[in-house]
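Let's take a friendly walk through this structure. Have the sequence and the 3D view ready.

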Amino acid sequence: MVGDKVNITKNPKKVACISRTSYDLLVAFGLEKNIAGVFSNIKNNPWTKFFDENIDRKATLKYKESEESLLSQNVDLVFSPEKYLSDMWNKAGIPAATISLYHNNGFKNYVYYYADLITKIWDSKEVKQKAETWKNLMQKAIDEVSQKISKSNLPKKSIYYVRGDKNRGVNYTDNGNSFIEYIYSDLFNLDYIGKRFTNAQPSIEEVIKANPDFISLGGTYQNDLRKTLLKDYSHLQAIKNNKYFNIPLGLTPFEQLNIFSSVFIYDQANKIYPELFKFDVKNEIIKISKIFFNKDLSNELVDRMLKGLPFNG
């Protein structure tokens, strides 16, 4: 995270991706062979094996992987999910940098931090070119959407996000200072309901009281949670008005910063502001898959990604 001070040897060859949002861009930028191990949740995503055919060769790591374990694996850099873990590993002589899903001062100024950090750590023309390509795609999506919405004078509406990377019920959400809150609040000018709650698991009564205009569902469990939402909470106005929708799923859930983040912006813009946007999201997914992974996605696979379904190959 911005503010960490750690000495990192250039071009590390045995990286531990324990931060969930660190693995995706490394693979996409051509550094897959430099990854020694990944957090177990990354391996549990069925799409991981499609985009990284060597994933089974990488060590499976715990959230709080021991210093002894990392040292025994000769890990030369850890991308950590939280600062206290980075401090622990750095103290043991294992360079660790925090790549968090959140930023205390808001995510707007953190969007390109990790991509820029990668280009500083690895001296590779290919890595720098791919990072720049990703940043250009991102900035294009951010500018296109935010500028048009800001000129539209549409009434401000509310959105509630169901966080489905863990199966904790429809009242498990995200409190903000995250990538998804930045997109919904700053770019889309929405009232992001998760910011109203003191923790990520508010009571179901609090969610019902909020009665959002839109509900989005993300993560690997999103379709199970969707069934619960339709069965038990059909009285919410978002359900009555058919204003609930899936968030695409890929190597990383699209609502977390990842290689398909520009597509996330386009997809959500189409769903929230159909009167303003008609982006060709399928083509964007196919294009990015080819550019960064040299993978040709079939229409069937693209449809599965868009519906938040697992890879079925």
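What follows is a short tour of a predicted model, starting with a sheet and ending with a loop.

Start with the open sheet, where 4 strands sit in the order 7-6-8-9 with parallel pairing. At its edges you'll find strand 7 (191-192) and strand 9 (244-246), each of which pairs on one side only. As a bit of background, strands of a sheet pair through backbone hydrogen bonds, and the pairing can be parallel or antiparallel.

Now zoom in on strand 6 (residues 158-162) and strand 7: they run parallel and are joined by 2 bridges.

## A helix across the strands

Next, find helix 12 (residues 261-272), which lies across strand 6, strand 8 (214-217) and strand 9. Helix 12 runs at about 160° to strand 9.

## The buried side of helix 6

Over to helix 6 (residues 113-121). Which residues of helix 6 are buried? They are Y114, A115, L117, I118, T119 and I121. As for their neighbours, these buried residues pack against helix 1, strand 4 (77-80) and helix 7 (125-150).

## A lysine in a loop

Last stop: K33, in the loop between helix 1 (23-28) and strand 2 (35-39). Is K33 buried or exposed? K33 counts as exposed because its relative accessibility is 74%, and the cut-off for exposed is over 50%.

Technical notes. Residues numbered from 1 in each chain as written. Predicted model: local features only at pLDDT ≥ 70, side-chain atom pairs only at ≥ 80, totals over all residues. Heavy atoms only, no water. Pairing = 2+ DSSP bridges. Contact = heavy atoms within 4.5 Å. Axes fitted to C-alpha atoms, helices over the stretch in contact; angles between N-to-C directions. Buried < 20%, exposed > 50% of the residue type's maximum accessible area, 1.4 Å probe, protein only.
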